[in-house]
Amino acid sequence: MRSEQSPQLVRPPVPDTAAATAVAHPNIALVKYWGKRDEQLFLPRTDSLSMTLDIFPTTTRVHLAPRADKDTVTFNGRAATGEALRRIVAFLELVRERAGRAHRAVVDTANTVPTGAGLASSASGFAALAVAAAAAYGLGDDATALSRLARRGSGSASRSLFGGFALWHAGSSTGTAAQADLSSYAEPVPAARLDPALVVAVLDAGPKAVSSRAAMRLTVDTSPLYEPWARSSGDDLRDMVAALRRGDLDAVGEVAERNALGMHATMLAARPAVRYMAPASLTVLDSVLQLRRDGIGAWATMDAGPNVKVLCRRADAGKVAAAVRGAAPGCSVHIAGPGPGARLLAGDGR
């Protein structure tokens, strides 16, 4: 299907050698995105909702190179190759199509979060790339339109455009491709009287054996539990939005944990099964149960990887981190609060 340019992305004139630098943070879904209904447009099967973190930022600079015959991408100080390079160049092609410009680009990106380990590195990566590339090529800066653009690099990147809590709408499944594209975007979700923290237990920082994209496809195509989970996820989203609006962290945590464990159940029922949970993951999940028995509000969530994130009150974050370290000695533990949305950095002289 062919998409049309989002009407909010209006092009002001920019010089041929324009450059822009942007920073974005990862987000962790509390109601998960798992499964696409359109792989070309990155249209999800269900709505999802996340919290943007204040740790692990990605910083990306895009510099137009009018005399170059190809894009050049540096990733954490090394030339990008393989699938990472292909995805970034494909995204730049989309930006060039929308901008009506052919100039190649030099991209320099630095991740501070382990890549491909289920810690939302692609969300911060493509959110930063979307904001920097849009500015360098002279597209507009409407946040909703940029969330649609970022979605085309990595679905969850659409949510990292916004700070705090963000909802990514699955959008309409009827109408033209252009209408479906416009209907799927992220927006901030208000939350009252919350002071949450996410304790991130990095049990394995290496890239996962099965990519999220492949695991989603297999789950949607073969798991008998997928459709029931997708239907129940709509109820989870409704309950999550209501809990955020009334500032009920206990309810937020309960919904997040049941949604995440349900998602992993769909994967375990796929044929063949996709199993991201490791023995250490289960040990940390047990420690979260014990924290609740001890009267500390703590709820686990997991993405496509073995690493566990624990939602809790900020005042309890130290105790939760200590419990996680005790459960999985040697693991790396980080405490995050709600973080900012993606933004441009000053200094490129645009």
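Biologist: Which residues in α8 meet Val320, Ala323, Val324 and Ala327 in α9?

Modeller: Thr283, Val284, Ser287 and Leu291 do, where contact means heavy atoms within 4.5 Å. Nonpolar covers Ala, Val, Leu, Ile, Met, Phe, Trp, Tyr, Cys and Pro, charged covers Asp, Glu, Lys and Arg, and the others, Gly among them, are polar.

Modeller: Keep in mind that this is a predicted model, so to speak of local features takes pLDDT of at least 70 and side-chain atom pairs need 80 or more, while totals for chains, interfaces and linings use all residues. Numbering starts from 1 along each chain as its sequence is written, and side-chain values use heavy atoms, leaving out hydrogens and water.

Biologist: And at what angle do the axes of α8 and α9 cross?

Modeller: Roughly 140°, with the axes of α8 (residues 279-293) and α9 (residues 317-327) coming within 9 Å. That makes α8 oblique to α9, because under 35 degrees counts as roughly parallel, over 145 as roughly antiparallel, 65 to 115 as roughly perpendicular and the rest as oblique. Helices are DSSP runs of H or I, at least four residues, and strands are E runs of at least two. Axes are lines fitted to C-alpha atoms, with angles from 0 to 180 degrees between N-to-C directions.

Biologist: Switching topic: in what order do the 4 strands of the open sheet come?

Modeller: β13-β14-β12-β15, with antiparallel pairing. Pairing takes at least two DSSP bridges.

Biologist: Which strands are at the edges?

Modeller: β13 (298-302) and β15 (332-336), each pairing on one side only. From one strand to the next, the twist averages 25°.

Biologist: Which strands does α8 touch?

Modeller: α8 packs on the sheet against β13 and β14, and its direction makes about 160° with that of β13. α9 packs on the sheet as well, touching β12 (196-202), β13, β14 and β15.

Biologist: How do α6 and α7 lie, roughly parallel or roughly antiparallel?

Modeller: The axes of α6 (residues 226-246) and α7 (residues 249-268) come within 9 Å and cross at roughly 165°. That makes the α6 helix roughly antiparallel to α7. The residues of their contact divide into 10 nonpolar, 4 polar and 5 charged.

Biologist: What's the average pLDDT?

Modeller: 93, and 95% of the residues score at least 70; pLDDT is the predictor's confidence in each residue, from 0 to 100. Over residues 1-5, though, the pLDDT is below 50.
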